[in-house]
Amino acid sequence: MSKWTGVLELDMENREGRSVAKNVYFQGAFKVMRPVYFNKGAFPCYYLLNPGGGYLDGDTYRMKVNLEEEAQLTLTTQSATKVYKTPNKEVYQETHFHMGKNSYLEYLPDALIAYKDARYHQKNVIHMEQGATLLYSDILTPGWSPDGEQFSYNMLRLKTEIYKEGELAAFDHIKLEPKTQQMNELGFMEGYTHLGSFIVVSEQTSDELLDQLYETITGIPGDFSFGISKLAIPGFTVRIMANYTQVIERIITASHHVISKEWYGTKPSFLRKY
Amino acid sequence: MTSQALSLLQLCDSNFPNGAFSQSFGLETYIQKDIVKDAATFTDWLNVYLHEQLTFADGLAARMAYEALNDDELNRLWELDRILTVQNLARESRDGTQRMGDRMLDIAESIYQIPLLATYKEKIKNKQAFGHSALAFTIVGHDLNVEKETTILYYLYSTVVSLVQNAVRAIPLGQTTGQKIIYAFQAELKQATEKIMQLEESEFGIVSPGLELSQMQHERVGIRIFSS
């Protein structure tokens, strides 16, 4: 018996121009559905799902995704990840991505919803070889609380390490702890409730693309605040604070469209879920 | 005061030419948005910057670097140089710390002749390191046998003093007001140092979303007197 609540392993390879799974393994409360090849595309989209309907006290999840040279993959969730109260032990999720030469990964999960008294700890470790391209997003949102409290969760902690050819190239560590932090004040969430991140690593990154993304995002309606900045390696982060998941999704989707158009002359697939 | 501590004090002088006068680390964004506009709002910002960013980045890195030097584990020092640089996702702030680190290494090396400072510079030249003032400062403090806690406290103090001077020019505030803020921050600096001594290493690099956004947004702020 595995000590994990849910385990997922997915190995992708490029078979004569088409990306296919070499190995798919899941156990416990983690599952993937049959892959979808949108528009008869060359690479699949896998949908993750959590058959239990949410993460509970002390749950532990581990995901390992390996992309061989030139392999491509879209990975998303079927719906939002819900973290319920964790009276005894935080929920922990660990993700390892290994990306071979010139591989391509879109990891665009739905929002994480943290309910009253939830504690969630996530660690992502991403290893990238030369020429690999990563599009990564996450959205942190507070769940509905019976007493109308804005931030009723206990703690959200996300750590992401990105290694390029073996060397640490980006490190992101967010810890939101409403009981000890002045969430609405200067420096924290400043009146917003939802936090979105979109991290892109690609050798094709250019200042022109960042300018274009800046213009695109600035033109999106809605109440939000965002920043965009280059990483120490070719790549960038977009960080967004808003009050609605949809606003953050709109920004990430619009950015994704700009990237696909500029770099590949394509349009990303609509990850139809409902 | 010991003469060792006195030597380290030279690096804390707000006139020390490490280029801190041109870095606001996002403060200027708040000034432009009229959120930071007087002594009270600046104090709010400085509090958050000290306790929510400096503590988990520069402060904890200084402690870990001091411990690595005690154990003679230089590889740990170079790892810290890397993580301390790449955890800064806002480009201008990241570039700013590198430039300041570079300047501090240059001057410190010519004052103290500590071989490790020369090694650090060499590594930067060969693109094997980035350069960071917190680490250069710690190397000097350690070499001078200044205690770990004192070294961290002095480093935080020097950072706070520079930021207050910058605020005095940019908001602007009166010189006396600036000095009063520095004096009032003694308690905050001690508290931050105590916390740094207690932190788990796994807490390294935690950043507050608002602060980080302001640092990213600075790239596109209209009128700028600071480069971050």
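Select B:N70 to begin: B:N70 is partly exposed, with a relative accessible area of 49%. Partly exposed sits between two cut-offs: buried means under 20% relative accessible area and exposed means over 50%, with a 1.4 Å probe and protein chains only. This is a predicted model, in which local features need pLDDT of at least 70 and side-chain atom pairs count only at pLDDT 80 or more, while totals for chains, interfaces and linings use all residues. Residues are numbered from 1 along each chain as its sequence is written, chains are lettered from A and ligands numbered from 1 in the order in which they are written, and side-chain values use heavy atoms, with hydrogens and water left out.

**Stop 1: helix 3 of chain B**

Stay on B:N70. B:N70 belongs to helix 3 of chain B. Helices (H or I, at least four residues) and strands (E, at least two) are DSSP runs, numbered from the N terminus. B:K148 and B:N70 are 78 residues apart along the chain, and their C-alpha atoms are separated by 9.8 Å.

Next, pick B:Q53. B:Q53 is also placed in helix 3 of chain B. Is B:Q53 buried or exposed? B:Q53 is buried, at a relative accessible area of 9%. Show the side chain of B:Q215 too. A polar contact of 2.8 Å joins the side chains of B:Q53 and B:Q215. A polar contact is a pair of N or O atoms within 3.5 Å; within protein, one must be able to donate a hydrogen and the other to accept it, and residues adjacent in sequence count only if both atoms are side-chain atoms. Leaving aside neighbours within four places in sequence, B:Q53 is in contact with B:V48, B:V207, B:L211 and B:Q215. Contact here means heavy atoms within 4.5 Å.

**Stop 2: the nonpolar cores**

Select B:V36, B:F42, B:W45, B:L46, B:V140 and B:L156. These residues have the most contacts inside the largest nonpolar core, which has 83 residues. A nonpolar core is a set of buried Ala, Val, Leu, Ile, Met, Phe, Trp, Tyr and Cys residues joined through side-chain atoms within 4.5 Å. Which helix gives the largest share of this core? Helix 3 (residues 39-70) of chain B does, with 15 residues.

Zoom in on B:L46. B:L46 touches B:V160, B:L163, B:V164, B:I181 and B:F185, not counting residues up to four places away in sequence. Then move to A:L10, A:L73, A:Y192 and A:I233. They are among the 55 residues of a second, separate core.

**Stop 3: where the chains meet**

Color the two chains separately. Chain A and chain B bury about 2700 Å² between them, with 59% of it on carbon and sulfur atoms. Buried area is the accessible area (1.4 Å probe) that two parts lose on being put together, summed over both. Chain A brings 33 residues to the contact and chain B brings 31 residues. Between the chains, 19 residue pairs are in polar contact (both at pLDDT 80 or more).

Highlight strand 14 (167-176) of chain A. Strand 14 of chain A gives the most to the side that touches chain B, with ten residues. That side of chain A divides into 17 nonpolar, seven polar and nine charged residues.

**Stop 4: salt bridges**

Side chains of opposite charge can pair when their charged atoms come close. A salt bridge is a side-chain nitrogen of Lys or Arg within 4 Å of a carboxyl oxygen of Asp or Glu. The structure holds 23 salt bridges over all chains. Between chain A and chain B, the count is four.

Select B:R82 and A:E167. They form a salt bridge, the closest N and O atoms being 3.3 Å apart. B:R82 lies in helix 4 (residues 74-86) of chain B and A:E167 in strand 14 of chain A, so the pair joins two chains. B:R82 is buried at 17%, whereas A:E167 is partly exposed at 45%.

Go on to B:E203 and A:K175. Their side chains meet in a salt bridge (3.7 Å, N to O). This pair also crosses between chains: B:E203 is in the loop between helix 10 (186-198) and strand 1 (206-207) of chain B, and A:K175 is in strand 14 of chain A. B:E203 counts as buried at 15% relative accessibility, and A:K175 counts as buried at 13%.

Finish on A:D172 and A:R239, whose side chains meet in a salt bridge (2.7 Å, N to O). A:D172 is in strand 14 of chain A and A:R239 in strand 17 of chain A, 67 residues apart. Both are buried.

Note on methods
Nonpolar A, V, L, I, M, F, W, Y, C, P; charged D, E, K, R; others polar.
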